[in-house]
Amino acid sequence: MTQLPQIEIRPGRSFAEIDACIGLQRAVWQYPELDVVPRRMFVVGQAIGGHLFCAWAGDQLAGYAFAIPGMREGHPYLHSHMVAVAEAFRNRGVGYRLKLAQREDAIARGIPLIEWTFDPTQGRNAHFNLNKLGAIVRRYSPDFYGPSASAIHRGLPTDRLHAEWWVNSSRVVGLLRDRSLPSPSIQRTVTVTNTGQSSFVPTSDKLRVPENPALESMLHLRRQLLDAFSQGLCAVQFRAEEPQPAYLLADASSMTGIDFLPAGVDAPVWRKDEEA
Ligand SMILES: CC(C)(COP(=O)(O)OP(=O)(O)OC[C@H]1O[C@@H](n2cnc3c(N)ncnc32)[C@H](O)[C@@H]1OP(=O)(O)O)[C@@H](O)C(=O)NCCC(=O)NCCS
């Protein structure tokens, strides 16, 4: 294995660092111009209580994490809008270290929760979020961002799971200390029929079930997870093994250290064009 240069994580402080993050954002998500998070958002995000952490390999940006502040029912939390690691640096713990930097900052400021969204069909992210970080999920938003032309989204609806990372919960503290997940009683298993790693679908006009297995897989997860969450279950683990990767669900009320969010689905905020 080639030796990686030393990685240093530090807060982003200059315009040049923000611009490097935007360069990495473009490379990772391949967003069209309309969807690129611009320099001004990075600036204002930090100015109002968010944060930016950069992972540097010498003068090369290996990754970054950017969060903005959120408020729900009078409680502050951080919404981690983007965590990205450059392809050449993946699977070497850089993403994990960026998340730990986010957690330390939240704890230092007395913020108990960091949230973010992720695509339910992406097994890699499900493993990273649930198994490696100890996040839990009890909300699902169908087509959260509306249509996306990003190649990473493969022409699929932008369905998103909402990860909740209760940074001081016994689950997270124990996992980070011992590298082993507590095992609550699993009430239900929702299998992923296609983890979406290989089925790139470039245009939305290709989206027809059953011709597009990635879409079929997403709609299956949408139905199953919405149903499970509506019954008070939450996703606590991802079984990554092929051929049947799966979300494992437990009773949300049995989880300790998890607080102020009602289970269930967020009301849609943005109307789709056809409804406007
Ligand atoms: C998600 C991301 C930030 C992770 O960064 P990273 O530096 O690779 O993260 P780490 O090395 O700390 O951990 C990656 C884990 O995923 C695992 N993994 C990688 N590919 C996988 C796959 N196809 N299925 C399951 N797990 C996978 C790795 O084995 C590792 O877990 P392990 O330590 O238990 O072995 C990075 O992949 C990325 O930038 N992805 C594109 C942007 C994105 O999706 N951002 C996050 C939105 S939630």
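Predicted model: local features only at pLDDT ≥ 70, side-chain atom pairs only at ≥ 80, totals over all residues.

A disulfide is a pair of cysteine sulfur atoms within 2.5 Å. Cys54 is accordingly in no disulfide, with the sulfur of Cys21 as the nearest cysteine sulfur, and the structure as a whole holds zero disulfides. Cys21 counts as buried, at 0% relative accessibility, and Cys54 is likewise buried, with a relative accessible area of 0%.

Turning to the aromatic residues, the structure holds six aromatic pairs, among them the two set out in the table.

| Pair | Centre to centre | Angle between planes | Arrangement |
|---|---|---|---|
| Trp29 and Tyr31 | 5.9 Å | 5° | stacked |
| Phe238 and Tyr247 | 5.0 Å | 65° | edge-to-face |

In the stacked pair of Trp29 and Tyr31, Trp29 counts as buried at 12% relative accessibility, whereas Tyr31, with a relative accessible area of 21%, is partly exposed. In the edge-to-face pair, Phe238 is buried with a relative accessible area of 4%, and Tyr247 counts as buried at 0% relative accessibility.

Two further arrangements involve aromatic rings. Phe42, Tyr64 and Phe66 form one aromatic cluster, while the ring of Trp116 has the charged end of Lys99 sitting over it, 3.5 Å from the ring centre.

Conventions. Residues numbered from 1 in each chain as written. Heavy atoms only, no water. Buried < 20%, exposed > 50% of the residue type's maximum accessible area, 1.4 Å probe, protein only. Phe/Tyr/Trp six-rings, centres within 6.5 Å; stacked < 30°, edge-to-face > 60°. Lys NZ or Arg CZ within 6 Å of the ring centre and 35° of its normal.
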